[in-house]
Amino acid sequence: MGLNLKPLVTSNPIKISDLNRKVVSIDAFNVIYQFLATIRGPTGELLTNNQGDPTSHLSGLFYRNINLMCDGIQLIYIFDGRPHKLKTGEIERRRKAKQDATEKYNLALQEGRIDDAKKFSQGTSMLTSNIVEESKNILSLMGIPHITAPSEGESTAAYLSKQEVAYSCVSQDYDSILFGAKRLIRNLTVSGKRKIPNRNVYIDIEPELIEYDQVLKSNNLTHEQLIDLGILIGTDFNPDGFSGIGPKNALKLIQKHKKLEDIDKIRDELSNTPYQEIREIFLNPEVIDIGDLNLQFKDLDKEKTIKFLCDEKNFSYERVNNYIEKLDKHILKKSQSLDKWF
DNA sequence: CACGAGGA
DNA sequence: TCCTCGTGG
């Protein structure tokens, strides 16, 4: 899994309304995976159109984006580009986990264990190129800008936040903090509903803000030390981390020894870890050139959105139309309240 | 995950 | 108006 910084960060609860008129850069693969994992039918099957093509990602993106836009939040989606070569181990690990989940899912389905089927289905999602292209398409139709990063999406998202093109990153993972993002928002949903992994139970979770400065200050670390700490716990580029070292332990070690090279008890493991290269990935990642950026927040194209979702993907016309009209009303209200100032 | 109908 | 629950595609 991703880097587990949770025990070391202070999370500040925020309200959706705090983000009014702010730009946030969303880790596209992260949210699309969530939608594919959770937006499923009774036996764990993906929602599809009548051709059998998956539509769960489109449902999630359409409804959530409109909700967030109604709250005045400006969205930019960041897609992953080519993964770094050190990520191949992690990619292989995920592929195996997916295969394993798929086998368990099929078996549960075969044996009629519906709850198990639904549970295992969550881990089977494949982000196909079709799903990626369709996701980019619905974003364009909704007037939401998207960027395909040269490498990791998280690093480009972090860069936008560092350069204050965006107020904050949005992701469930903590990697963007290691990439130097000024802020990270987790649990950015409107309904506040989130599934507990492995259980068919939902609890209320509110959005939370994590601040880079606060993470460094509260743990008394520099950026370089935070990266070393991440490497100890395990990043996408060394997913296993170091044996017997979790977040708390890693923090103690870094606070005491300041850097990886000075921790005696990991010397052997360290010699088998490309830690200098991993440091470089986080400190000097390959990112987009801000000058090349063309971020235009446009109006939703009502006709084309309905054509795509309803005609091509068999969404309910009534629901889609209602939602677009809801967005129209919010935009109208906003421009009226703005008029009062002038 | 999120909608929306229906009951409290 | 809030919450639960079945359904969406």
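Q: Into which classes do the residues of the surface near DNA strand C divide?
A: This is a predicted model, in which local features need pLDDT of at least 70, side-chain atom pairs count only at pLDDT 80 or more, and totals for chains, interfaces and linings use all residues. Residues are numbered from 1 along each chain as its sequence is written, and side-chain values use heavy atoms, with hydrogens and water left out. A residue is near the strand if one of its heavy atoms lies within 4 Å of it, and among such residues are Arg 40, Thr 48 and Phe 315. With Ala, Val, Leu, Ile, Met, Phe, Trp, Tyr, Cys and Pro taken as nonpolar, Asp, Glu, Lys and Arg as charged, and the others, Gly among them, as polar, the surface divides into four nonpolar, four polar and four charged.

Q: Which residue has a backbone N or O atom 2.8 Å from a phosphate oxygen of DNA strand C?
A: A polar contact here is a pair of N or O atoms within 3.5 Å. A polar backbone atom of Leu 46 is 2.6 Å from a base nitrogen, and a backbone N or O atom of Leu 47 lies 3.4 Å from a base nitrogen. The phosphate oxygen, in turn, lies 2.8 Å from a backbone atom of Ser 316.

Q: In strand 5, which residue is the bridge partner of Ser 25?
A: Strands are DSSP runs of E, at least two residues long, numbered from the N terminus, and two of them pair if DSSP finds at least two bridges between them. Strand 2 runs parallel to strand 3, joined by five bridges, and there Ser 25 stands opposite Ile 76. Strand 2 also pairs with strand 5 in the parallel sense over three bridges, where the partner of Ser 25 is Cys 169.

Note on methods
Chains lettered and ligands numbered in written order. Helix = DSSP H or I, 4+ residues; strand = E, 2+ residues; numbered from the N terminus. Polar contact = N/O pair within 3.5 Å; in protein donor to acceptor, adjacent residues only side chain to side chain.
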